[in-house]
Amino acid sequence: MLKPDYPIRTERLLLRPLDASTDVDAVHAYQSREEVCRYIPYSPRSKEEVAERLASGPLRSTLEEAGQALGLAVVVHETNELIGDLMLAWISAEHRTGELGYVINPDYQGHGYATEAVRALFPLAFDQLGLHRVIARIDARNDASARVLRRLGLRQEAHLLENEWFRGEWTDEIDFAILAAEWRAGQASA
Ligand SMILES: CC(C)(COP(=O)(O)OP(=O)(O)OC[C@H]1O[C@@H](n2cnc3c(N)ncnc32)[C@H](O)[C@@H]1OP(=O)(O)O)[C@@H](O)C(=O)NCCC(=O)NCCS
């Protein structure tokens with residue numbers, strides 16, 4: 001069970017549940033862009049698709065059982081601008097595994113926001129939900145995403161050759177992971 005105390009504050013950001021009544025335009029501003037969707041499973045979304053997903057999609061503000069996914073808005077607290085979103089999926093209760101996802105509006109990339117926002121998910125995943133292992137699976141061409149994960153201390157564990165037929169071509173996947181003990185060791189030495 002995970003019931004975070006919102007908003008979650010980092011140095012520059014607030015993380016809070018996505019709000020179907022106020023967030024559609026800001027989310028659509030980046031989820032509609034080709035370059036944002038290049039290496040991620042969804043195609044550019046219309047405003048109606050974003051609205052529907054925020055209103056009744058799979059993303060939740062609490063996790064009650066494996067199979068569910070937390071979806072959070074990334075907001076710059078100084079300006080109150082919504083600049084991206086995060087996902088923490090609870091993959092397995094038995095194996096205590098979760099998976100990360102993250103998107104930052106291109107207008108705000110290159111400032112370390114993804115790294116700062118995803119870093120705030122680890123206390124939720126490891127301390128509050130009690131996960132043992134957190135993974136991220138990315139397109140092997142997604143260098144910016146790989147850099148975020150390495151900066152956060154995740155380890156590359158696999159490079160899967162042509163394991164997905166994705167938008168008309170075979171694509172490679174790189175799998176990253178970090179264990180709770182590794183994250184805790186990093187916290188202690190920081
Ligand atoms: C992957 C993605 C989330 C990265 O977003 P981002 O906010 O630019 O990522 P970061 O937080 O790492 O910041 C990027 C750069 O800002 C730099 N930076 C600038 N100011 C910084 C600061 N104050 N603190 C930390 N880093 C800072 C970093 O050094 C980093 O540089 P580098 O990656 O060239 O080494 C973004 O490219 C994206 O949304 N892509 C499309 C969706 C996607 O593919 N998501 C991942 C799915 S697996």
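Author: In this predicted model, an oxygen atom of the ligand is placed 2.8 Å from a polar backbone atom of Gly-110.

Reader: And what lies 3.1 Å from an oxygen atom of the ligand?

Author: That is a backbone N or O atom of Gly-112, and a backbone N or O atom of Thr-115 is found 2.8 Å from an oxygen atom of the ligand. As for cover, the ligand has 950 Å² of accessible area on its own, and the protein covers 71% of that.

Reader: OK, which residues come nearest to the ligand?

Author: There are 20 residues around the ligand, and those that come nearest are Tyr-102, Ile-104, Gly-110, Thr-115 and Arg-151. By kind, the shell divides into 10 nonpolar, seven polar and three charged residues.

Reader: Which element gives the largest share of that shell?

Author: Helix α6 does, with five residues. At least two residues of the shell come from each of β6 (97-104), α4 (113-119) and α6 (143-151).

Reader: Switching to the helices, at what angle do α5 and α7 pack?

Author: Helix α5, residues 121-128, and helix α7, residues 180-189, pack at an angle of about 125°, and their axes are 10 Å apart.

Reader: Why are α5 and α7 called oblique to each other?

Author: Angles of 65 to 115 degrees count as roughly perpendicular and those over 145 as roughly antiparallel, and the angle here is about 125°, so α5 and α7 are oblique to each other.

Reader: Is their crossing left-handed or right-handed?

Author: The crossing of α5 and α7 is left-handed.

Methods
Residues are numbered from 1 along each chain as its sequence is written. This is a predicted model: local features need pLDDT of at least 70, side-chain atom pairs count only at pLDDT 80 or more; totals for chains, interfaces and linings use all residues. Side-chain values use heavy atoms; hydrogens and water are left out. A residue is near a molecule or strand if one of its heavy atoms lies within 4 Å of it. A polar contact is a pair of N or O atoms within 3.5 Å; within protein, one must be able to donate a hydrogen and the other to accept it, and residues adjacent in sequence count only if both atoms are side-chain atoms. Accessible areas come from the Shrake-Rupley method with a 1.4 Å probe; for residues, only the protein chains shown count as cover. Helices (H or I, at least four residues) and strands (E, at least two) are DSSP runs, numbered from the N terminus. Ala, Val, Leu, Ile, Met, Phe, Trp, Tyr, Cys and Pro count as nonpolar, Asp, Glu, Lys and Arg as charged, and the others, Gly among them, as polar. Axes are lines fitted to C-alpha atoms, for helices over the stretch in contact, and angles run from 0 to 180 degrees between N-to-C directions. Angles under 35 degrees count as roughly parallel, over 145 as roughly antiparallel, 65 to 115 as roughly perpendicular and the rest as oblique. A crossing is left-handed if the near helix is turned anticlockwise from the far one by less than a right angle, and right-handed if clockwise.
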